[in-house]
Amino acid sequence: TQRAFSRVSHLAGYTGLYNNLLTASKMMKFVNTFEKHRQEPNISLEEYTKGLRLQLGEEIKSCKKIYLDTNYWLELRNVILGRQKNKNFVKLLALLHNGVKAGKLICPISDENYYEILLQSDPSTLSASASLIDDLSRGVALLSTEERIKFEILYFIHSSTKGKNSVCHPDIFVWSKVSYIYGASHPTSTTFSPEEELVIQKAFFDQMWSLSLTDMIKVIGMDNILSMPKYNDISEKLNESKIKYANENNSFEQRFLSEIAGVIDLFQPLFEDALVYLFEKEKGYKPATEEVEATNNSGKQMANLIYHAFKKDKLGNYFPSLVIGAGLHASVRQDVNRKFKTNDMSDFRHAQAALPYFDYFFTEHSLRDLVSRNNIRFDKKYNCKVLSDPGQAVECVTKICS
């Protein structure tokens, strides 16, 4: 997706930039906000994009958020295609449509949903899936995994040092639009003046912000979709590692801390990026080489601090994406009767997206059982109701809509 849009975002002029988007679909809405932005030269690109995200978060604040894993999306799509024999899915789709229309619920998608939906090679089923997602998500998406972790880091730093009122609450700020599901990119290095380039950047953001998933599929094209890289299956390596290190930890708590240490080490560069970002925001300029080196050392110190805070169980609900990933891995490692499966990594990413930021999570039996095990109880920790039976999902949505 990023490759497809990067060809658009680096064109020299905005006429060509918009034509590239518009020729992809005659039906696409043209959003012309150039004059608006010329009248607002003092609003930076960061201020403008942040404002739209805050506005979006406020707009859906009162809606119950329901996370549908990809299997649920596909089962509901089958209703539309006349392939669904389970009457509960037929009822569920009608209820979800009514709930979205009434403003009582919404079903945003995650980057994992997006990736899995685009694995379809049949244009007709892909189109039906995209249309359904457009309807039930209203074009809203959760921030990508990396963006969420960056936000969780910044949220921890700000709220710990300056109080929770100094930073946007995750319930408001973790939402974006499907066109930016892998992060935002902007036209740069154009032939225009800095002032006009800013106008182009904000107008381009408006155009992208308005795109539906159906629009995006038309822009990307089936050839590009079919050639997108796929995740590697690492389940075999995880099972080998599980056996190899089985005797290193004697309890679930030890395995959990071991996983936390590994995850924190993996994401240490994100801690450093967060500190560089905060440095620039406070000082108003990019850090020099020696200042970057100091930031790197601070990133290591922060990683150590966070690990020891985890060890003492003093971090509450901070860093949910890291905690959920580590906890699910530790739980499988602890279970001598269960091996890592091919779909586990995808399931874990669904859980990381759903549990901290949604009110309900509709998924498969195995993942429901895993996240609610007594050694983690992530459904209780994050106050997210996890259901796998479509009949129970019908009852749940009926109550929301009543």
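Predicted model: local features only at pLDDT ≥ 70, side-chain atom pairs only at ≥ 80, totals over all residues.
- Why can residues a few places apart in a helix point the same way? An α-helix has 3.6 residues a turn, so residues three or four places apart point the same way.

- Helix α9 (residues 145-162) packs with α18 at an angle of about 120°, and their axes are 8 Å apart.
- Which residues make this contact? From α9 come Arg148, Ile149 and Glu152, and from α18 come Pro320, Ser321 and Leu322.
- Sorted by class, the contact of α9 with α18 has 3 nonpolar, 1 polar and 2 charged residues.
- Another pair is helix α8 (residues 123-137) with helix α12 (residues 213-220), where the angle is about 145° and the axes are 8 Å apart.
- On the α8 side, the contact is made by Leu126, Ala130, Ser131, Ile133 and Asp134, while α12 brings Leu213, Thr214 and Ile217.
- The contact of α8 with α12 divides into 5 nonpolar, 2 polar and 1 charged residues.

**A look at threonine 214**

- Threonine 214 has its place in helix α12.
- With a relative accessible area of 21%, threonine 214 is partly exposed, because the cut-off for buried is under 20%.
- Threonine 214 touches Ala130, Ser131 and Asp134, leaving aside residues up to four places away in sequence.
- How far is threonine 214 from isoleucine 133 in sequence and in space? The two are 81 residues apart in sequence, and their C-alpha atoms are 8.9 Å apart in space.

**Salt bridges**

- Side chains of opposite charge can pair when their charged atoms come close.
- How many salt bridges does the structure hold? There are 10 salt bridges.
- One of them joins glutamate 196 to arginine 38, with the closest N and O atoms 2.5 Å apart.
- Is glutamate 196 buried or exposed? Glutamate 196 counts as buried at 17% relative accessibility, whereas arginine 38 is partly exposed at 29%.
- Salt bridges also link Glu35, Arg38 and Glu196 in a network.
- Arginine 338 and aspartate 344 form another salt bridge, and here the closest N and O atoms are 2.8 Å apart.
- Arginine 338 counts as buried at 15% relative accessibility, and aspartate 344 is buried too, with a relative accessible area of 1%.
- Arginine 377 forms a salt bridge with aspartate 379, where the closest N and O atoms are 3.6 Å apart.
- In that pair, arginine 377 is partly exposed at 28% relative accessibility, while aspartate 379 is buried at 12%.

- A disulfide is a covalent bond between the sulfur atoms of two cysteines.
- The structure holds 0 disulfides.
- Cysteine 63 is in no disulfide, and the nearest cysteine sulfur, from cysteine 107, is 10.0 Å away.
- Cysteine 107 is in no disulfide either, and its nearest cysteine sulfur is that of cysteine 401, 9.8 Å away.
- Cysteine 63 is buried, with a relative accessible area of 4%, and cysteine 107 is buried with 0%.

**A buried histidine**

- Histidine 350 is found in helix α19, which covers residues 344-357.
- Histidine 350 counts as buried, at 2% relative accessibility.
- What does histidine 350 touch, not counting residues up to four places away in sequence? Its contacts are Tyr67, Asp69, Thr70, Ser110, Glu112, Asn113, Glu116 and Phe361.

Terms used
Residues numbered from 1 in each chain as written. Heavy atoms only, no water. Salt bridge = Lys/Arg side-chain N within 4 Å of Asp/Glu carboxyl O. Buried < 20%, exposed > 50% of the residue type's maximum accessible area, 1.4 Å probe, protein only. Axes fitted to C-alpha atoms, helices over the stretch in contact; angles between N-to-C directions. Helix = DSSP H or I, 4+ residues; strand = E, 2+ residues; numbered from the N terminus. Contact = heavy atoms within 4.5 Å. Nonpolar A, V, L, I, M, F, W, Y, C, P; charged D, E, K, R; others polar. Disulfide = S-S within 2.5 Å.
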